[in-house]
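Please look at the sequence and the structure first.

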Amino acid sequence: MTFDLEMIKKVYAEMPSKMDAVRKVVNKPLTLAEKILYTHLHSEMELREFARGKDYVDFAPNRVAMQDATAQMALLQFMQAGKKRVAVPSTAHLDHLIQAHLGADKDLQDALNKNNEVYNFLESVSSKYGIGFWKPGAGIIHQVVLENYAFPGGMMIGTDSHTVNAGGLGMIAIGVGGADAVDVMAGMAWELKMPKLIGVKLTGKLNGWTAPKDVILKVAGILTVKGGTGAIVEYFGEGATNLSATGKGTICNMGAEVGATTSTFGYDASIERYLRGTGRADVADLANQVKEHLTGDAEVYAHPEKYFDEVIEIDLNTLSPHLNGPFSPDLAHPVSEMKEVAKANDYPTDIEWALIGSCTNSSYEDLTRAASIIKDATDKGVKAKATLGINPGSEQVRYTAERDGLITIFEKANSTIFTNACGPCIGQWDRPGAEKEEKNSIVHSFNRNFKKRADGNPNTHAFVASPEMVAAIALAGKLDFNPMTDSLTNDKGEQVKLSEPTGYELPPLGFEVKDNGYLAPAKDGSNIEVKVSPTSDRLQLLESFTPWNGKDITNAKLLIKALGKCTTDHISMAGPWLKYRGHLDNISNNMLIGATNAFNGEANKVKNQLDGTYNEVPKVQRAYKATGVDSVVVGDENYGEGSSREHAAMEPRHLGVKAVIVKSFARIHETNLKKQGMLALTFVNPSDYDKIQEDDLIDITGLTEFAPGKNLAMTLIHSNGSKDTIALAHTYNAEQIKWFKAGSALNLIKQIGK
C-alpha cells in the first residue's frame, strides 16, 4: 500500500516545469540538494538564487512526522492554532515511551499500562486533525517512514533530529522542533536558512567487515560534532550507488551527529529496489519518469569542488571498520587500533551488553548481517560472552525476520528481543545494576553515546559500531576484540575465527506482516473531543507565553554558566523524564540539571543570588520567577547539540529565563529558542565568555532597536562594582523578531488567524 500517492503524483508532475524555471534563474549545474530545495519553495517565495548560509528561505514541505515524546508538545501547540485539519500529510509514531527491560511482550504491555493516558490523547488528537497514527509496537518512526512514506525528491520535516534518515531514499528530510511542525501542519511556510553544501564522494565498494555504518563513523571523525552545522551533506559517486537503500539511510541518519541540516543520496537502482520491495512500485514508476531531477547534475559530480562548499572523498575499498566513542560520536577509532586506544585511556574492556537496533541500524539487512555472525559462531561452538539486545525497526521487519528464522538465531544465543521501539538508544532502558554507577563499557549500533544516554549511568562508556561488529564483540565479550585478526575459543577448546558477515539487502521471500500497527484518522474529526484532565501529571494544556514588554533587560541574574558540552540531554534529560513530555511545568523540573556549572564543576548546583545558597537549577530559577527577577543562561560551544527536543527551549521560557548567550549554537536548538520567543544570542568575541562572573547582574540593551544584523550589548555589573560591556550577535531576521515581540511564533500564528 502506498500512502498519499496523489500528493506524490503532484510533486512529480510539477517537477519538470519547476526545474525549468529554476535553471533559467540559477543558470548553473545543480546538486540534488539544490534541486529539492528550489522546487519546494513556498508559493509566496520569490524564485531567485539564494546565498548559502546567509539567506532565510520559506519552504513548503510535503509532509510532517512526529514521535510520541515530541508529538505531545507539538500537538498541544497545534490545538492552539485554530485549524480543523492538518494541511499536509502528517503522522504520529508511538516509539519513545516503551522502556526496554524484560523483553518485547512484557515491555510493551507495561508501556500500555503506564502510558495509557498519553496514548489515548495522541490517538484522539491524531484522529481529530487528520493525522496517521502508528500504535505502540508498530516500529521506530524513522524506519517506519523509510518503509512507508519517504520518496525520492520529496521534502519532509519531523519532530526528531533523526528525521534525516529519510535521506536514504533521496529526500531532503529535516529534524525540527514542534513549533516548526505546527507551522507546516497549519499550512504556513516553513523557514530555513539556505544551507551550505558538503559533498562526500564515495569510490569503490564495501567489503569484508566494513559496513555503511563505518562510512558515517569515518565522516564523523572528519567533521566532528559541529562540522556539518548549517550544511546539507550530499553523497555521490560509484561508492554511493553500490550501497543499499537502508545503508544509505544509516549514513544519513547519523549525519545528525555532525550537526548537518540533513544528508541525502541521489535516486538510483538500490532506492528503486527498496521502493518496489516495500510495496511501492507505483512510486518507483513515477520516479523513473523524472529521474534526471532526482540526482545531482553530471557536471556537479564530475567537478564537485566547483559546486560544494567542502568536498570529502572516501575510498570504500580501503575503509576499515570503526568503533567510535566513548561519550562523543565523533571520537573515531578504527577497530584495529582499539587495543592500544583502550589501554592508553583506561577504557573498561569487558563487555556485558551489546545492543543492536535504533532508528539507525534496525533494518532487515542489518539483522541479517548480525545474524550471520551469530549463526557462524554457534555453528563453530562459540557462545556469546555478553548479552545481545535487539530492537527491530518495525513490526514489518520483526515479523519478516521471525518468519525467516533470524529471531530464532538470536534467541538461541540467549539474546533479548526488545520491542520494536527506540529503547536503550534514547535512555529507555531499565538496565539491571545501572544504579550502582559502576565503570563499564557497552557497544551499540545507535547514533549517540553521550554520558548517561543509554542507561543513566555516567560511568558507562558507550561505543558506536555497525550491527555486525556489535555482534562480534558480544561473542568475545571484549571491547578490543578485532574479528579480522583475533580468534575465539569454542566449546571444544579450539581457536576459531569468525567468518565475514553476509546478509540480504531485501528479504528473498519479500516483506510480510499481519498487523503493521497503523490507524487511519477519522474522515471528519469535528465531533471528536480531546480531553486533558486538569489534575493530570502527564498532560497539561498550554497557556500562551507573555509578549515582550517593549523594554531592555536590566538587573538580570545569572542562572548558570554552563561549561563544556551542553547537549539537549544536559538541558532536558530523557530517560525517566520522557513521561512528562506533555506536561510543561512538570518536565521543567529537569531544566539544565545535567549541565556543568563553570564555577564549581558540579551539575545541578548553582548559586541563588537572592540568598547566597546553592541549590538545584530548576529550584533556583523558580525562586527567581516567583520574585519577578529576570535571569539569563550562558553556555559554551555548540550549545544544544543533539536531539531536536524543543522542551530544552520551552522549559527556560516557561520558568522565566530571558536569554541564552553562548559561544555558538547547534542549529535546531537555536531555532527552537527563537520559536518560543527567547533571545538566542552569541558572543561576538567568544573569549568574552570568560568575563562572566557568578554574582553578576546583567543588562541586555538594544532591544528597542532590535533589527536583523544589528548587534545587541550586554553589560556585566560585577559584585565589586566594576563593569564589562560585551557585544552580542544574533541571527534573527525580521520575521523571527516578530516572534520575539509576540512572545512566540505560535502567538503570531494565532494573531494572524484572528
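At 24% relative accessibility, Asp-585 counts as partly exposed, a class that lies between buried (under 20% relative accessible area) and exposed (over 50%), calculated with a 1.4 Å probe on protein chains only. The model is a predicted one, in which local features need pLDDT of at least 70 and side-chain atom pairs count only at pLDDT 80 or more, whereas totals for chains, interfaces and linings use all residues. Residues are numbered from 1 along each chain as its sequence is written, and side-chain values use heavy atoms, with hydrogens and water left out.

The partner of Asp-585 is Arg-622, and the closest N and O atoms of this salt bridge are 3.2 Å apart; a salt bridge here is a side-chain nitrogen of Lys or Arg within 4 Å of a carboxyl oxygen of Asp or Glu. Because Arg-622 lies in helix H21 (residues 617–626) and Asp-585 in helix H20 (residues 584–587), the pair ties together parts that are 37 residues apart in sequence. Helices are DSSP runs of H or I with at least four residues, numbered from the N terminus. Arg-622 is also partly exposed, at 26% relative accessibility.

Elsewhere, salt bridges that share partners join Lys-28, Glu-34, Glu-49, Arg-52 and Asp-309 into one network. The structure holds 44 salt bridges, including the pairs tabulated here.

| Salt bridge | N to O distance |
|---|---|
| Lys-35 and Asp-297 | 2.8 Å |
| Glu-272 and Arg-276 | 3.1 Å |
| Arg-622 and Asp-585 | 3.2 Å |

The side chains of Lys-35 and Asp-297 meet in a salt bridge that links distant parts of the chain, since Lys-35 belongs to helix H2 (residues 32–38) and Asp-297 to the loop between helix H12 (281–289) and helix H13 (298–302), 262 residues apart. Both Lys-35 and Asp-297 are buried.

Glu-272 and Arg-276 are 4 residues apart in helix H11 (residues 269–277), which means that about one helical turn separates them. Glu-272 is partly exposed, with a relative accessible area of 23%, and Arg-276 is partly exposed at 34%.

How much of helix H15 is buried? Of its 16 residues, 13 are buried, so H15 is largely enclosed by the rest of the structure. Helix H15 covers residues 364–379 and should span 22 Å at 1.5 Å a residue, which agrees with its end C-alpha atoms being 22 Å apart; the expected span is 1.5 Å times one less than the number of residues. Just after H15, Gly-381 takes a positive phi of about 80°.

Methods: Helix = DSSP H or I, 4+ residues; strand = E, 2+ residues; numbered from the N terminus.
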